[in-house]
Amino acid sequence: MAQVVTPSKKKFNLSEFLTQNSMYIVVIAMILYTGLTQDNFFTIGNASNIMANTSVRFIIALGVSGCLIIRGTDLSAGRIVGLTAIVTATLVQQPDFVGKFFPDLPDFPIIVPLFVALAVGGVLGLMNGIVIAFLKVPPFLATLGAQIMIYGFVLIYSQSKPIGTFKPEFIQLGQGKIAGLIPYIAIIAAIVGILMWILYNKTRYGKYMYAIGGNENAAEVSGVNVSFSKVKIFALAGILYGLAGYLLSAKTGSAGAGAGMGYELDAIASATIGGVSTAGGQGTVPGILLGVFVFELLKVCLTYLGVTPDMTNVIQGIVIIVAVALDIRKTMVKK
């Protein structure tokens, strides 16, 4: 009788578990410590604010994720968010406001500025995609140049002035809540997340995206139009940034030249924490949401604990370095 060999179960490696999940463990410990030492941390108001902040950054991270999955990046994300926030702000001011940016502008429904923001973001993303796919400029350099250029557009367009006094219905969209708890923008972000999950997992778009990230040459040989796929990925990223810029203006109630500054770094860090590999070919929508949530909770905890904004930047920078280092380590272990 042939002997049946049962496969041996892989032993639990505590050291490996702690290394791979160190970021989550540290943040959970910070949440517990902050909640136990600060009376107003575990409150409905704080939870609602975290949801609102996470929602906008989640949408940005979704855009950046596609660029990372194909072994690229997008350093222009924050500036596109800033430009679309400014453009939105100039189109949603109250009609009777004396200092209106465009005095003769008709009173549009708030959905019109949304389409404008999506179009502006989409065009800028499309430009990034064309430069990267057809001119063969490395994504880092292409989007770095776009970042600087778009910031110039922001300064020119806004005249370096803050813009506010928005329509009440627009403010309500960004600051309103269902049952006093769930922000409207959290519902919008959830819908976007579901649509992106379907796109990543149930369509050719997602199949081609992961194939390019896994092995671009093999994807090309198998019939994937790599250049066209890259253009679509960056164009969609731009559209998502446009939506985020629109919602950012609604949430904050004003917009200035600094809107969106540094958001691309937060998005890259959040996506990496959430499992989007810098080596390409890996990443899930739920993981991205978790990464954004963890990164946002880290910042909130530091604020509650009285850490200065300058020191918070230092810690965020360390988190980004550690997240990328852990991702590289996991990739090397798999190989």
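Keep in mind as you look that the model is predicted.

Let's begin with the helices. Two packed helices are described by the angle between their axes and the distance between the axes. Find α3, residues 44–69, and α13, residues 285–304: their axes come within 8 Å and cross at roughly 135°. Angles over 145 degrees would count as roughly antiparallel and those from 65 to 115 as roughly perpendicular, so α3 is oblique to α13. The crossing of α3 past α13 is right-handed.

Now look at the residues where the two helices touch. On the α3 side, the contact includes Asn46, Ile50, Asn53, Thr54, Arg57 and Phe58, and it carries on through Ala61, Leu62 and Ser65. Across from them, α13 contributes residues including Val285, Ile288, Leu289, Val292 and Phe293, with Glu296, Leu297, Lys299, Val300 and Tyr304 also taking part. Sorted by class, the residues of this contact are twelve nonpolar, four polar and three charged.

Next, let's turn to empty space. Rolling a probe the size of a water molecule over the atoms shows where such space is left. The structure has one cavity of 30 Å³ or more, and the volume of the largest cavity is about 30 Å³.

Which residues line the largest cavity? They are Arg204, Tyr205, Tyr208, Ser229, Lys232 and Ile233. Both α9 (204–214) and α11 (226–252) supply at least two residues each to this lining. By class, the lining of the largest cavity holds three nonpolar residues, one polar residue and two charged ones.

Conventions: Residues are numbered from 1 along each chain as its sequence is written. This is a predicted model: local features need pLDDT of at least 70, side-chain atom pairs count only at pLDDT 80 or more; totals for chains, interfaces and linings use all residues. Side-chain values use heavy atoms; hydrogens and water are left out. On a 1 Å grid over the protein atoms alone, a cavity is a set of points where a 1.4 Å probe fits but cannot get out, and a pocket is an open set with protein on both sides within 12 Å along at least five of seven lines; lining residues have an atom within 4 Å of a point. Grid points are joined across faces, edges and corners, and a volume is the space filled by probe spheres set on the points. Helices (H or I, at least four residues) and strands (E, at least two) are DSSP runs, numbered from the N terminus. Ala, Val, Leu, Ile, Met, Phe, Trp, Tyr, Cys and Pro count as nonpolar, Asp, Glu, Lys and Arg as charged, and the others, Gly among them, as polar. Axes are lines fitted to C-alpha atoms, for helices over the stretch in contact, and angles run from 0 to 180 degrees between N-to-C directions. Angles under 35 degrees count as roughly parallel, over 145 as roughly antiparallel, 65 to 115 as roughly perpendicular and the rest as oblique. A crossing is left-handed if the near helix is turned anticlockwise from the far one by less than a right angle, and right-handed if clockwise. Contact means heavy atoms within 4.5 Å.
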